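Colleague: Hi! Could you walk me through this one?

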Amino acid sequence: MKHLDEYRDAGLCRRLSAEIDRVAGGREITLMEVCGTHTMAVFRYGLKDLLPENINLLSGPGCPVCVTPNEYLDRAVAYCRQEETWVVTFGDMLRVPGSRSSLIRERGAGGRVRLVYSPADALELARQMPGQQVVFLGIGFETTSPLAAAVLADARRDKVRNFFVLAGNKVLPPALRALVDDRQLGLQGLICPGHVSAVTGADIYRFLARDHGIACVISGFEPADILQSILMLVSQIVEERPRVENQYRRVVPDEGNPRARELLEEVFQPRESSWRGLGTIPDSGLTIRQAYREHDAESALPVKIAPPVEPSGCICGLILRGRRRPVDCALFAGACTPEHPVGACMVSSEGTCAAQYRYRRHETI
Amino acid sequence: MCLSVPMRVTEIDGDQGRADIGGVSRNVDLRFLEDVGIGDYIIVHAGFALQKLDPREAEETLALFREMLEIDETSR
């Protein structure tokens, strides 16, 4: 990609950070990012170290793998133990511990688990193995869910009857509402996820600015993008003019991607959904519509699972809400490491604990 | 999980195509884009193009960055 160096220029990042300091004028300001890719960039480039001390940057529930509850994983584990049933998933899901096992453990014990790069590869597997049931794990936010919708539409059109999706898909706005309602956090500004916005457009954040006085900036993923977004947020907060701005215009048009949204709405409908850390939130998840039910694993492939169990001592839930930091957890970097993760935030490379472990393990920032 | 990368379109056949980044070439589903041509930069997420990259907007962001650096140099 052209110009990538410019987005990572150290001098520019220092300059942006000095400007943030000047505009903030010593005010205490609390911001949050809610995208796993932003979490990774913040830790990888040490952006918290570049910010003045009065800017408090929290990491929120932006990793779809991390917020997926144990019950969903337990169901996936149960499928891969069944005869002639394959569980097909993105790599991030492989090592996430469920209540009693994980997909990687099951695979080691002979469970049928396959990794794919794209949902299209999962559908292709189903075409190649007509005698087998292929269950694709539908995990993800608005960025990823249209892809699941696309392959469900193709499966229905081509009558690929052995292809199923286990819908664990989630939508962000109801979760954002839960976060801003949490007065203990005192959130003033939100770094909005760039690639969710590439699908949804800017409108989904308007209620945050209008009804809750939260500053919102849609941000790109390079260090200078994120610092510029923080500068825009700090300016909005200092001027007391909360609104939705778009720093990532090169990728996100204000209207998002209407075609992707249309297909998403054709195939999925909202339902109540359970988030690790945030609990059950109305209309925050997606389920497969009636017309596509024969491909809905939940209704087409019933399976019995034992009641889910959470690991003891793990504070992933509080970390996902921005209430605690990884270093506040007694298990962090001791009993819980990327090699032997206890909680989901340590498993996914986009989890807050994994990002801190990888780049900043010894700091108590 | 929402990681998406810019790639350059090299082939188009209906709503399917191929795109490359740094010498790596991949199949890309183009159904979500309204009009896309060979040579366009697209943002690809798990095998699907979600948006076209707007070179004019990219240039404006960079211009803003350069301006910021110049202010810094002249104020020293």
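Colleague: How do the axes of helix α2 and helix α13 of chain A cross?

Modeller: At roughly 10 degrees, and the axes of α2 (residues 10-24) and α13 (residues 223-238) of chain A come within 9 Å. Axes are lines fitted to C-alpha atoms, for helices over the stretch in contact, with angles from 0 to 180 degrees between N-to-C directions. Helices here are DSSP runs (H or I, at least four residues), numbered from the N terminus.

Colleague: Roughly parallel or roughly antiparallel?

Modeller: That crossing makes α2(A) roughly parallel to α13(A), a label for angles under 35 degrees. Bear in mind that this is a predicted model: local features need pLDDT of at least 70, side-chain atom pairs count only at pLDDT 80 or more, and totals for chains, interfaces and linings use all residues. Residues are numbered from 1 along each chain as its sequence is written, with chains lettered from A and ligands numbered from 1 in the order in which they are written.

Colleague: Which residues of α2(A) meet α13(A)?

Modeller: Among them are A:L12, A:L16 and A:I20, while the α13(A) side includes A:L227, A:L231 and A:V234. Contact means C-beta atoms, placed from the backbone, within 7 Å. The residues of this α2(A)–α13(A) contact divide into 13 nonpolar, three polar and one charged (Ala, Val, Leu, Ile, Met, Phe, Trp, Tyr, Cys and Pro count as nonpolar, Asp, Glu, Lys and Arg as charged, the others, Gly among them, as polar).

Colleague: New topic: how is chain A divided into domains?

Modeller: Domain 1 covers 4-63 + 172-246 and domain 2 covers 66-168 + 256-300, with bounds from an automatic or database domain assignment. Their centres, taken over C-alpha atoms, are 31 Å apart.

Colleague: How many residues are in contact there?

Modeller: 13 residues of domain 1 of chain A and 17 of domain 2. On the domain 1 side, α11(A) gives the largest share, six residues.

How values were computed
Contact = placed C-beta atoms within 7 Å. Helix = DSSP H or I, 4+ residues; strand = E, 2+ residues; numbered from the N terminus. Parallel < 35°, antiparallel > 145°, perpendicular 65-115°, else oblique.
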